[in-house]
Amino acid sequence: MVWGVVVAALLALACAASAEGDEGDVGYFWQVTDLHWQPAYVEGSSRLQECLRGSGDAGPYGSLANCDIPEATLRAAFEFMTSADQPAADFVLYTGDIVPHNPLDMDEDGVIAFQQNITYYMRKYFPDVPTFPLLGNHDSYPRFQMYATPYWLYERTAEAWSPLLSPYDAVDTFTAGGRYSAKVHDGLRIIGINTAVYYRENDYVNGSETDPGGQLSWLSGVLANAESAGERVLLAYHVPVGFNAAVCQMHEQYNEQLVKMFRLYSSIIVAHFSGHTHLDFYRLVGDLTPSDTSVAFTAGSLTSRDATNPRVRLFKYKRSAPFTLLDYQSYMLDLRTSNSRKTPMWSEEYRASTEYSLADLTVSSMIDLYQRLSANATLFSHYMSHWKGVDGAENICDLDSACGKTTLCDIAYTLKEPLAKCLM
């Protein structure tokens with residue numbers, strides 16, 4: 001076992017060194033998700049009242065409690081991502097949810113005001129960097145309710161985000177249903193999918209339609225065209241496919257349709273990127289064979305509402321075909337230290353290549369990681385320690401427990417029937 005770990009680590013270092021040999025062919029991009037900015041946050045208020053009122057210990061940068069983040073944390077995140085210590089980003093993925101969990105007084109104008117703030121922050125801090133934004137399930141009014149066809153939310157959000165979308169002729173497509181595709185480089189395309197519309201608490205789309213708003217048909221066409229053009233794709237969306245604690249966050253029939261479609265086009269999918277859960281995990285979208293599988297990464301949130309330290313993620317990739325994902329770094333704002341020192345204290349939470357002895361983030365590497373997680377309690381504990389990005393998270397779930405089994409089954413099986421068999 002020891003020699004196996006050593007060999008895996010040496011292989012990871014060797015491959016990383018090889019991958020970095022041509023620095024001009026290596027690029028970086030950020031993913032930031034689930035901001036949930038609370039403008040009404042009050043420093044010194046009570047965590048028991050969502051840091052909105054009362055007297056308590058709500059800090060200047062947030063609280064590891066039932067509170068969303070103040071603007072100071074939002075600003076600190078953008079300042080950190082654009083600091084001199086960070087590499088220049090080729091683009092930014094924003095995978096949804098800026099509206100807070102308790103928005104107090106909210107209406108249509110309020111939702112759009114939050115979306116205008118996305119454009120403001122992206123243009124202020126990333127003025128010349130392409131940004132690809134998506135709606136989350138909270139970015140609607142009434143809460144969670146979203147039509148699949150054109151209406152005020154898509155039309156007004158497209159207008160608010162037009163500085164971000166118009167360079168890619170994506171405004172009209174977004175207006176049609178909160179979706180779009182955009183060419184990043186020759187041979188590489190981002191497809192932004194509106195999975196918030198499939199959210200299981202959205203009663204406007206309740207599972208009675210086969211293809212609400214025609215998005216699945218549209219997606220199939222975009223993927224087919226990309227395949228014909230010899231392109232590879234990055235899939236970005238808010239609500240992740242698959243299951244978490246054996247619960248699907250979408251109406252299950254849409255999850256089934258998406259996963260089956262992704263399996264058909266797995267050969268051109270570089271990776272998936274999502275948020276929504278506020279947690280850090282990955283999924284194997286397929287049947288555990290590289291030819292039918294793609295990798296889906298879900299990043300930790302910027303909000304600290306679920307007792308999670310605020311996080312952002314930096315991906316490293318090859319700028320030329322096949323646009324391999326090489327690595328990512330998860331960065332974390334330590335709230336306890338930041339609040340006590342009254343200054344934002346960011347640090348690298350972990351680097352995927354070193355934490356998991358990975359040569360890269362390809363399908364083969366991530367299937368191998370799943371197999372090693374299944375057999376190594378220490379490695380599994382490391383994986384769980386990043387679930388929420390706080391001390392003690394590694395103790396939430398042991399490999400040999402029912403929770404451990406569910407966690408592993410969730411990684412490997414994104415369709416209901418195979419997941420149920422795994423859990424038996």
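**Chatting through a predicted model**

Me: Let's start with lysine 316. Where is it found?
Reply: Lysine 316 sits in strand S12, which covers residues 311–318. Keep in mind that this is a predicted model.

Me: Is lysine 316 buried or exposed?
Reply: Lysine 316 counts as buried, because its relative accessibility is 11% and the cut-off for buried is under 20%.

Me: New topic: the largest nonpolar core. Which residues touch the most other members?
Reply: Those are Trp30, Phe126, Phe262, Tyr282, Phe297 and Leu325, out of 134 residues in that core.

Me: Which helix gives the most to this core?
Reply: Helix H3, residues 108–125, with 7 residues.

Me: Back to tryptophan 30. What is it in contact with, leaving aside neighbours within four places in sequence?
Reply: Quite a list! Among them are Phe80, Met81, Phe91, Phe126, Leu314 and Tyr331. Gln86 and Arg313 are also in contact with tryptophan 30.

Me: Okay, helices now. How do H12 and H13 cross?
Reply: The axes of H12 (residues 377–385) and H13 (residues 402–412) come within 12 Å and cross at roughly 75°. That makes H12 roughly perpendicular to H13, since angles of 65 to 115 degrees count that way.

Me: Which residues make the contact?
Reply: From H12, Phe380, Tyr383 and Met384; from H13, Gly404, Thr407, Leu408 and Ile411.

Methods. Residues numbered from 1 in each chain as written. Predicted model: local features only at pLDDT ≥ 70, side-chain atom pairs only at ≥ 80, totals over all residues. Heavy atoms only, no water. Axes fitted to C-alpha atoms, helices over the stretch in contact; angles between N-to-C directions. Helix = DSSP H or I, 4+ residues; strand = E, 2+ residues; numbered from the N terminus. Parallel < 35°, antiparallel > 145°, perpendicular 65-115°, else oblique. Contact = heavy atoms within 4.5 Å. Core = buried A, V, L, I, M, F, W, Y, C linked by side-chain atoms within 4.5 Å. Buried < 20%, exposed > 50% of the residue type's maximum accessible area, 1.4 Å probe, protein only.
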